[in-house]
Each structure stands twice: as C-alpha cells, then as structure tokens.
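Please look over the structure below before reading the notes.

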Amino acid sequence: MTKIAIILGSTRPGRNGEAVARWVLDAARQRTDADFELVDVADFDFPLLDEPVPASMGGYTKPHTLSWADTIRGFDGFIFVTAEYNHGIPGALKNAIDFIYAEWNNKAAGFVSYGSAGGVRAVEHLRGVMAELQIADVRAHVFLSLATEFENYKVFTPTPERADSLTPVSTRSLPGARH
Ligand SMILES: Cc1cc2nc3c(=O)[nH]c(=O)nc-3n(C[C@H](O)[C@H](O)[C@H](O)COP(=O)(O)O)c2cc1C
C-alpha cells in the first residue's frame, strides 16, 4: 500500500498547525487507496542543522538525523501542512527538510497551507524546495485563511468549501474551481 506522510511543519507552542494536520489526517483516512500517518517535526527535537556534510552527500552522523531519515524513507509521498512565516515556510520545517536528501528523492508531494493570507506564498517557496529535493509537486493546493477558517484566528473551524477543496477536482462539487 502506498504510504503518505502528513508532515506538520510548525513547532511553535500553541501552533494552529496541529488542528489543521489532524483535519487533513482525518479526511485522508477516509480513503482506502493509501495509508496516511502524521509526522510531526516537533517530535524530532532538531537543533539547527548540525551535520558536518551536506545531506545530498549522505553520511548522516547524528541520532536525530538517522531517526528522521528512517521515518521519511518509509513513505512514498507527502502532504506538507505549512504555515506562512514572513512569506516563506517556518524555519523549523526548512531546517528539518535540510537534514536529509536521498530519502526525499523521486517521491510526490501536495500542500495544505494556512496563514493570514492562506499561506500561499509559503507553498510557492516550498515548491522551489521540492524541485531541489527531486520531489514532484501536484498543482492542487488547499489554503486556509486565518480570517475565515479560524475563529478569532485561533480555533480551526473550516468552512464546507475548504473541506471540499481537500477532495480531488474530478470528484468535487465545484467544477472548474482553482485551488
Ligand atoms: C514569525 C511569524 C511570521 C508570520 N508571517 C506571516 C506572513 O508572512 N504571512 C501570513 O499570512 N501570516 C504570517 N504569520 C501568521 C501565521 O501564518 C499564523 O500565525 C499561523 O497560525 C502560524 O502557524 P502556527 O500557529 O502553526 O505556528 C506569521 C506568524 C509568525 C509567528
């Protein structure tokens, strides 16, 4: 069975990302054509990148890198759940990505983003990172505005339209909509 990781990239205390990632996981688990697991960057306790050699050359030395590599190696694809921080992805997510290389290669990724402006600029940033990791990214993208999908910018309450955007275009009730 194809295995897909839902990668939660914010490690911030009180992060909105956890509710979003769990929502994605619940929706994904309605499917029977792949297995889905939540992978939380916060669980790996990464320091700032402390490998002496660039990940693309292999030779990982640190326990957190080896554990992260073992985890990511086991998946065929990824759904990145990312916030937007200063028009890019959170530093914690970029740092985690940078620790390994081969384990990302020749896989596929989709995106769910959130932020004041839906996190769309973070995903555009992430698409460039995907290219360097040899990950094929899909066009469809679920974006969630803090203003409309979160009560008081804090409590995640997705509208039906956003929930709908998690399903493939071909099976959705909004023909022609761009996501
Ligand atoms: C350091 C920082 C920078 C941010 N920059 C942006 C931004 O550039 N654009 C945006 O739409 N939201 C921005 N936000 C709002 C976040 O996207 C929003 O707070 C989101 O909930 C953060 O994700 P988290 O709660 O899972 O950490 C920023 C938040 C933080 C903490």
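Ala, Val, Leu, Ile, Met, Phe, Trp, Tyr, Cys and Pro count as nonpolar, Asp, Glu, Lys and Arg as charged, and the others, Gly among them, as polar. By these classes, the shell around the ligand holds 5 nonpolar, 7 polar and 4 charged residues. The model is a predicted one, in which local features need pLDDT of at least 70 and side-chain atom pairs count only at pLDDT 80 or more, while totals for chains, interfaces and linings use all residues. Residues are numbered from 1 along each chain as its sequence is written, and side-chain values use heavy atoms, with hydrogens and water left out.

**Ligand site**

- There are 16 residues around the ligand, and S10, R12, N16, Y85 and Y114 come nearest (a residue is near a molecule if one of its heavy atoms lies within 4 Å of it).
- R12 places a polar side-chain atom 2.6 Å from an oxygen atom of the ligand.
- For E84, a polar side-chain atom lies 2.8 Å from a nitrogen atom of the ligand.
- S116 takes part through its backbone: an N or O atom there lies 3.0 Å from an oxygen atom of the ligand.
- The ligand taken alone exposes 610 Å², and the protein buries 77% of that (accessible areas come from the Shrake-Rupley method with a 1.4 Å probe).

**Helix α3**

- Helix α3 spans residues 91-98, and its buried residues are L93, N95, A96 and I97 (buried means under 20% relative accessible area, exposed over 50%, partly exposed in between, with a 1.4 Å probe and protein chains only).
- These buried residues of α3 pack against β1 (3-8), α2 (63-73), β3 (77-83) and α4 (120-133) (contact means heavy atoms within 4.5 Å).
- Helices (H or I, at least four residues) and strands (E, at least two) are DSSP runs, numbered from the N terminus.

**A147**

- A147 is found in helix α5, residues 146-149.
- Why does A147 count as partly exposed? Its relative accessibility is 48%.
- A147 and A117 are 30 residues apart along the chain, and their C-alpha atoms are separated by 8.4 Å.

**Residues with positive phi**

- Most residues other than glycine have a negative phi.
- Q134 is not a glycine, yet it has a positive phi of about 60°.
- Q134 sits in the loop between α4 and β5 (135-145), and its relative accessible area of 37% is why it is partly exposed.
- Y153, also not a glycine, has a positive phi of about 65°.
- Y153 belongs to the loop between β6 (150-151) and β7 (155-156).

Technical notes. Polar contact = N/O pair within 3.5 Å; in protein donor to acceptor, adjacent residues only side chain to side chain.
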